Amino acid sequence: MFVHPQFDPVALAIGPLAIRWYGLMYLLGFIAFIVLARRRLHLFPAIKMVDVDNLLTWSVIGVILGGRLGYVVFYKPAYYLSNPGEILAIWEGGMSFHGGFLGVLLTCFIFAQRKGWKFFDLMDFVAPAVPLGLALGRLGNFINGELWGRPTEGWWGVVFPQAGDTVARHPSQLYQMGLEGIALFVGLWWFASKPRARAAVSAWFLMGYGAARFVVEFAREPDRFLGVLSLGLTMGQWLSLPMILLGVYLLKWSKDKPTALQTMQPAVTAEPPRPGKRKN
C-alpha cells in the first residue's frame with residue numbers, strides 16, 4: 001500500500017504557457033494514432049496520410065464535443081438542464097468515454113460518406129490505432145488522482161488523498177490502462193495485421209473494450225452522485241453492455257463480407273499535363 005504522490009497537474013510550464021498532464025496524454029495519444037495508422041495504410045488502398053491527418057482533426061472535435069455531451073446526458077442530465085450555461089465548461093471537468101466514442105463514430109460516418117468509403121472499412125482502419133491513446137488517457141487519470149477505485153485490503157492498494165479519506169483503494173485507472181489500453185491494443189493489433197472481413201476488427205474492438213470496462217467497473221468507485229444503478233451495475237457497465245452486444249452481432253454479420261483490400265480502390269491522383277510541342 002502506498003499514498004498517491006499528488007503530482008503537480010502541470011507537466012511543463014514555459015512562461016505563462018502551462019501544459020497539463022492530461023492534455024499531454026491526449027497529445028501523445030494523437031501522435032500514437034498517426035504513427036500506428038501509417039503502418040496500416042497498406043491494407044486500405046484508398047486511404048492516404050492526408051486522409052489520416054484530416055480525419056484526426058475532425059475526430060478531436062468529435063471526442064471533445066461527444067465526450068462532454070455524453071457526460072451531460074448520461075451522468076448529470078438534471079443538473080445541466082437546470083444549469084445550461086455550464087454545459088460547455090469543459091475546463092471544470094466531466095467527460096464521458098462513451099460519449100466521445102459516439103462523437104468519433106459520427107465523425108467517421110460523415111468522413112466515410114464524403115470520401116465514398118464503406119463506414120466499417122474506415123472503422124476497421126481506425127480501431128487498432130485507438131487503444132494506446134486510451135491507455136495514455138488512463139495514465140493521465142492516475143497522475144491526476146481521479147477516477148479512483150473501491151476500497152481494498154490488497155498490498156497494491158493506493159491511498160488517494162483526493163478522495164477525502166485515508167482508505168486504500170484499487171488503482172482502477174491502472175487496471176483500465178492495462179486492459180482497455182495495452183491488452184486491447186496487443187490483441188487487436190495482432191488480429192488486424194492481416195486483411196479481415198469488413199467489420200470484424202470493429203467487432204473485436206467493441207467486444208474487447210466493452211468487456212474490459214465492464215470487468216474493471218467492479219473495482220472502480222462509482223460516481224458519488226450516481227452510485228450503483230439497477231442490478232448492482234454502474235453507469236459505465238450499463239453503457240458498455242450495448243458495445244458488447246453490438247460487437248457480437250457485427251462479428252456474425254461480418255463472416256461473408258469482403259476485406260477492404262479487396263474492395264477499396266486506390267486513390268487516383270491527377271497527373272500534371274506533360275509538356276509537348278506547341279501548335280501554331
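1. **Ground rules.** This is a predicted model, so keep in mind that local features need pLDDT of at least 70 and side-chain atom pairs count only at pLDDT 80 or more, while totals for chains, interfaces and linings use all residues. Residues are numbered from 1 along each chain as its sequence is written, and side-chain values use heavy atoms, with hydrogens and water left out.

2. **Overall picture.** The protein chain has 10 helices and five strands; helices (H or I, at least four residues) and strands (E, at least two) are DSSP runs, numbered from the N terminus. Its C-alpha trace spans about 90 × 55 × 40 Å along the principal axes. Of the 280 residues, 43% count as buried, where buried means under 20% relative accessible area, exposed over 50% and partly exposed in between, with a 1.4 Å probe and protein chains only. Looking at contacts (heavy atoms within 4.5 Å) between residues at least 6 apart in sequence, 70% join residues at least 24 apart.

3. **The sheet.** Three strands make an open sheet in the order β1-β4-β5, with mixed pairing. Strands count as paired if DSSP finds at least two bridges between them. At the edges sit β1 (2-3) and β5, each pairing on one side only. The β1 pairing with β4 (residues 158-159) is parallel, over two bridges, and Val3 has Val159 as its bridge partner in β4.

4. **The hairpin.** Strands β2 (residues 10-14) and β3 (residues 17-20) run antiparallel and are joined by four bridges. Val10 stands opposite Arg20 of β3. Two residues separate the strands of this hairpin, and Gly15 in the turn has a positive phi of about 65°.

5. **Arg169, a charged residue to look at.** Arg169 belongs to strand β5 (residues 168-169). Is Arg169 buried or exposed? Arg169 is buried, at a relative accessible area of 5%. Its side chain makes a polar contact with the side chain of Glu221 at 3.3 Å. (A polar contact is a pair of N or O atoms within 3.5 Å; within protein, one must be able to donate a hydrogen and the other to accept it, and residues adjacent in sequence count only if both atoms are side-chain atoms.) Not counting residues up to four places away in sequence, Arg169 also touches others, including Trp148, Pro151, Val158, Phe160 and Arg224.

6. Ser172 lies in helix α7 (residues 172-191) and is buried at 0% relative accessibility. Beyond four places in sequence, Ser172 touches Leu147, Trp148, Gly149, Val216, Ala219 and Arg220.

7. **The cores.** The largest nonpolar core has 25 residues, and Ile47, Val52, Trp117, Leu122 and Phe125 have the most contacts inside it. By nonpolar core I mean a set of buried Ala, Val, Leu, Ile, Met, Phe, Trp, Tyr and Cys residues joined through side-chain atoms within 4.5 Å. Helices α1 (21-38), α2 (49-74), α4 (97-115) and α5 (119-126) each give two or more residues to this core. Apart from it lies another core of 16 residues, among them Leu134, Val201, Ala203 and Met243.

8. **Helix α5.** Six of the eight residues of α5 are buried, so this helix is largely enclosed by the rest of the structure. The buried ones are Asp121, Leu122, Met123, Asp124, Phe125 and Val126. They pack against α1, α2, α4, α8 (200-216) and α10 (260-263). Setting aside neighbours within four places, Leu122 is in contact with Ile47, Leu55, Cys108, Phe111, Ala112 and Trp117.

9. **Asp121.** Also in α5, Asp121 counts as buried at 2% relative accessibility. Which residues is Asp121 in contact with, leaving aside neighbours within four places in sequence? They are Phe44, Arg198, Ala260, Thr263 and Met264. As for Arg39, Asp121 is 82 residues from it in sequence and 16 Å from it in space, C-alpha to C-alpha.

10. **α4 against α9.** Helix α4 packs with α9 (residues 235-253) at an angle of about 35°, with the axes 10 Å apart. The axes are lines fitted to C-alpha atoms, for helices over the stretch in contact, and angles run from 0 to 180 degrees between N-to-C directions. Phe97, His98 and Phe101 of α4 meet Gly236, Leu239, Ser240 and Met243 of α9.
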